[in-house]
Amino acid sequence: MSVQGLHHNLFLKINIRFFLTAWLVLAGINAHGQNLQKSDTVIIVTDTTDFDRLFKRARDIGSTKNYNFARRICYKILEKKPNYYDVRTYIGRTYSWEYAYDAARTEFSRVLIEKENDFEALGALIDVEYWTNNLDVAMNYLRLAMGYY
């Protein structure tokens with residue numbers, strides 16, 4: 001085998017090891033099978049990442065009320081896919097579930113600036129205004145949504 005072939009094989013082995021290690025870390029397990037703390041978990045997103053699958057993972061984590069970690073994953077997705085509006089809307093939802101209504105409004109507004117008729121973001125914004133007893137504002141967003149749908 002040529003020197004170039006040896007370098008190529010070594011390069012492939014290193015890349016495979018790197019991606020396997022990254023996957024193990026993302027799964028929350030180190031090489032010894034010990035659980036890592038969620039705050040210790042490294043989130044690696046590449047151009048070949050299955051973003052829908054990663055978003056599902058974030059929602060699964062959010063369903064356990066680990067909203068901070070779910071948001072960390074979502075923000076990583078948005079680094080590569082800034083127009084993945086469902087991800088940003090989900091971030092807003094997690095803020096609203098923690099009663100951080102201003103942060104939630106900010107995320108929903110960022111979606112609606114880009115895509116003014118986004119059904120999920122409008123619905124989430126209506127929820128926030130209803131939950132905060134801003135019924136007139138909620139009604140205005142409801143009318144706006146009805147105009148689109």
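Read along the sequence, the protein chain runs α-α-α-α-α-α-α, a total of 7 helices and 0 strands (DSSP runs numbered from the N terminus: H or I of at least four residues for helices, E of at least two for strands). The model is predicted, so local features need pLDDT of at least 70 and side-chain atom pairs count only at pLDDT 80 or more, while totals for chains, interfaces and linings use all residues. Residues are numbered from 1 along each chain as its sequence is written, and side-chain values use heavy atoms, leaving out hydrogens and water.

**Surface and contacts**

- Of the 149 residues in the protein chain, 34% are buried (under 20% relative accessible area; exposed is over 50% and partly exposed in between, with a 1.4 Å probe and protein chains only).
- The accessible surface is about 10000 Å², with 55% belonging to carbon and sulfur atoms (Shrake-Rupley method, 1.4 Å probe; for residues, only the protein chains shown count as cover).
- Among contacts with a separation of 6 or more, 45% are between residues 24 or more positions apart (contact means heavy atoms within 4.5 Å).

**Aromatic residues**

- The whole structure holds 5 aromatic pairs (rings of Phe, Tyr and Trp, the last by its six-membered ring, with centres within 6.5 Å; planes under 30 degrees apart are stacked, over 60 edge-to-face and the rest tilted).
- One of them is F55 with Y84, edge-to-face at 5.5 Å centre to centre and 65 degrees between the planes.
- This pair links distant parts of the chain, 29 residues apart: F55 is in helix α2 (residues 51-62), and Y84 is in the loop between α3 (67-80) and α4 (85-97).
- Both F55 and Y84 are buried.
- Y90 and W97 also form an edge-to-face pair, with 5.8 Å centre to centre and 75 degrees between the planes.
- Within that pair, Y90 is buried at 10% relative accessible area, whereas W97 is partly exposed at 36%.
- F55, Y67, Y84, Y90 and W97 belong to one aromatic cluster.
- R59 lies over the face of F55, 4.4 Å from the ring centre (CZ of Arg or NZ of Lys within 6 Å of the ring centre and within 35 degrees of the ring normal).

**Nonpolar core**

- The largest nonpolar core has 32 residues, of which F55, I73, C74, I77, Y84 and V87 touch the most other members (a core is a set of buried Ala, Val, Leu, Ile, Met, Phe, Trp, Tyr and Cys residues joined through side-chain atoms within 4.5 Å).
- Two or more residues of this core come from each of α2, α3, α4, α5 (101-114), α6 (119-131) and α7 (135-148).
- Leaving aside residues up to four places away in sequence, I77 touches F51, L54, F55, Y84 and V87.
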